[in-house]
Amino acid sequence: MYESNGEKYFVVDSHMHYWNAAPDNWVPGAEQYAEGWIKCFHAYQGLGPPETHWSLEHFEKYSEDDLMKDVFEDGHVDVAIFQPTDLKEWYKEGFNTTERNALMGEKHPGKFIHNTRFDPRDSDAGLEQLRRNVERFGSKGVKLYTAEWNNGSRGYKLSDPGAYRFLEAAQNLGIKNVHVHKGPTIWPLDKDAFDVADVDHAATDFPELNFIVEHVGLPRIDDFCYMATQEPNVYAGLSVAIGALMYARPQFFARVIGELLFWVGEDKMTFGSDYGIWEPKWQVEGFVDWEMPDRPEFADYPKLGTAGKKKILGLNAAKLYDIKVPDEFQLPASAGTPGAQEVLGEPVAGA
Amino acid sequence: MTVLARGGDPPKPPEHGGPARPPVPPGLLAALETVRDPELDEPITSLGFVASCTVSADGDAEVRLRLPTYFCAPNFAYLMVADAYDAVSALPGVRRTSVVLEDHFASDAINDGVAAQAGFVQSFDGQAVAELDRLRADFLRKAVMAGTDQVCRPLLAAGTDPAALLAMTLGEVPPSRALTRLRERRAELGLPAGDDAPLLIDPLSGALVSADALPLHLRKAKVTRISIEANGGICRGMLRHRYDIPGQGETLLSQIPEEDQ
């Protein structure tokens with residue numbers, strides 16, 4: 001919970017992690033990838049305020065106590081959603097697995113939601129694992145990293161037949177939310193791995209699932225925005241957007257948020273800190289304080305008021321995950337600014 | 001005398017007592033300035049991706065490139081290394097060219113493939129089915145959309161009615177760097193780029209933009225530009241975290257006006 005200027009914000013951190021990327025967890029022979037991955041994450045942290053930077057050693061492996069303090073005690077978060085990324089080709093026990101997250105989360109009832117993951121290339125064994133994870137950890141969401149390396153393969157698309165089989169199975173198991181994270185590799189390598197067209201296909205064909213495109217489709221914000229406008233079940237996950245831009249590049253941040261408000265709308269944007277890349281504290285506080293610059297070049301963006309910030313910081317994700325939000329944090333039904341589709345109407349969707 | 005040996009002023013001593021660097025032959029840097037990051041549509045020099053570039057008295061050129069992360073997309077990385085190789089080896093006076101991408105998960109495949117002039121498919125044997133021309137064209141079209149915003153936004157700010165843009169030709173737009181760039185990108189795609197060419201066209205089909213489609217076209221141009229520029233901002237930040245020494249020909253963030261950041 002965060003309170004500022006007499007307003008109370010219920011905070012759901014919809015995208016965070018509990019990883020072990022220390023050398024003791026590196027797969028022999030794949031050390032350069034394990035090291036390259038975590039150093040890349042660490043460089044992202046460098047885009048946050050200097051006083052929030054960690055040493056690489058601490059960043060590689062933070063403790064349960066660190067997480068509880070950074071996220072809940074200091075970070076204003078009410079409920080946090082673990083998003084696993086296995087990367088078992090590089091990390092012996094995986095980077096940030098469903099099990100690692102959930103075994104920690106189970107010690108703190110009510111604080112965490114344990115999402116799981118799948119990889120369509122794991123075939124029948126993967127389906128069975130998905131079923132067991134949903135049963136054991138109560139997962140209502142999955143995190144999919146399409147650029148994951150698997151047995152010689154460099155990634156997959158959500159529109160692959162194998163992926164559809166898993167999406168169908170996940171839906172039957174009660175999964176509601178699919179968090180998608182694009183990465184740099186995919187088969188074949190001559191295609192743009194960050195292209196979001198496959199999410200578009202899947203979102204059309206699975207209208208009962210919600211697709212939260214993490215990092216707002218970065219580095220393809222433009223394609224993402226256009227796609228999200230046309231798909232009612234596509235959401236913008238703000239992890240990285242706030243962390244990498246709000247402090248380091250405030251002008252770009254304002255423009256990116258403005259575009260998201262225009263194309264996607266405040267009802268379909270969800271806050272995620274991407275902890276441990278960035279601590280939630282400065283992101284939550286900064287976002288509540290943030291205002292669109294009062295200059296002509298920002299004038300054609302929808303306004304973001306307190307109601308919109310409350311939705312983005314927690315109420316939208318609470319709806320997606322059926323999180324009970326106390327009355328004091330709730331908004332009147334009509335509060336806020338309508339999303340892009342209501343503003344633009346048919347011309348955008350039909351173009 | 002070669003282009004490379006004709007360098008202008010003698011190299012200046014480092015300003016803050018930093019390590020002295022070998023002088024960069026101007027012809028070599030100018031050649032590398034023509035190489036762009038296809039996603040960011042910006043020269044690899046100003047982005048800071050050129051770690052070093054030298055040429056020996058015998059004409060052996062060596063270029064070392066670096067990227068913001070270990071996992072930057074390998075297809076775009078390949079294009080930059082291959083383009084740098086082509087640009088440098090075409091210089092008069094260069095006898096042998098070596099372009100090396102440092103600190104990247106696919107460094108070996110890319111460096112060996114470019115050195116052997118093997119093409120992308122062969123360099124990534126079994127992982128790619130086509131060369132990268134289509135990928136490059138896709139991103140040139142994005143550059144055209146972003147450039148459309150760069151050219152149109154000042155016109156609109158100066159009071160031009162959006163509908164009037166539909167009838168404008170490139171020749172009617174006041175000259176600017178953004179306009180030159182837009183013309184170049186259109187020409188690369190084989191789209192009309194002369195004075196009598198319409199300002200607003202669909203970068204895929206080359207067709208005129210209709211009045212109905214105008215608001216969406218301008219909105220898409222704007223979000224494309226913002227997407228590319230936001231990525232550029234993140235890439236610069238990541239690069240600085242990874243390497244604290246500026247690249248050859250790098251435009252530092254402090255040199256970019258805040259309005260353009």
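Chain B has an average pLDDT of 91, and 90% of its residues score at least 70, where pLDDT is the predictor's confidence in each residue, from 0 to 100. The model is predicted: local features need pLDDT of at least 70 and side-chain atom pairs count only at pLDDT 80 or more, while totals for chains, interfaces and linings use all residues. Residues are numbered from 1 along each chain as its sequence is written, and chains are lettered from A and ligands numbered from 1 in the order in which they are written. The scores of the model are ipTM 0.94 and pTM 0.93. Over residues 1-18 of chain B, pLDDT stays under 50, and the model has 22 contacts beyond four places in sequence for this stretch; two residues are in contact if their C-beta atoms, placed from the backbone, lie within 7 Å. Where pLDDT is low, the predicted coordinates should not be read in detail.

In chain A, five strands make up an open sheet with parallel pairing, in the order S6-S9-S10-S11-S12. Helices (H or I, at least four residues) and strands (E, at least two) are DSSP runs, numbered from the N terminus, and two strands pair if DSSP finds at least two bridges between them. Strands S6 (141-145) and S12 (269-270) of chain A stand at the edges with a single partner strand each, so one side of each is left without a neighbour in the sheet. S11 (residues 234-237) of chain A pairs with S12(A) in the parallel sense over two bridges. Opposite Thr270(A) in S12(A) stands Gly237(A).

Helices H8(A) and H10(A) pack with their axes 9 Å apart and at an angle of about 20°. Axes are lines fitted to C-alpha atoms, for helices over the stretch in contact, and angles run from 0 to 180 degrees between N-to-C directions. H8(A) is therefore roughly parallel to H10(A), a term for angles under 35 degrees. From H8(A), Ile221(A), Cys225(A), Tyr226(A), Ala228(A) and Thr229(A) meet Val256(A), Glu259(A), Leu260(A) and Trp263(A) of H10(A).

Between the chains, 37 residues of chain A are in contact with 37 residues of chain B. On the side of chain A that touches chain B, at least two residues each come from H1 (31-45), H8 (221-230), H9 (241-245), H10 (250-263) and H14 (346-350) of chain A. H1(A) gives the most to this side, with seven residues.

Terms used:
Angles under 35 degrees count as roughly parallel, over 145 as roughly antiparallel, 65 to 115 as roughly perpendicular and the rest as oblique.
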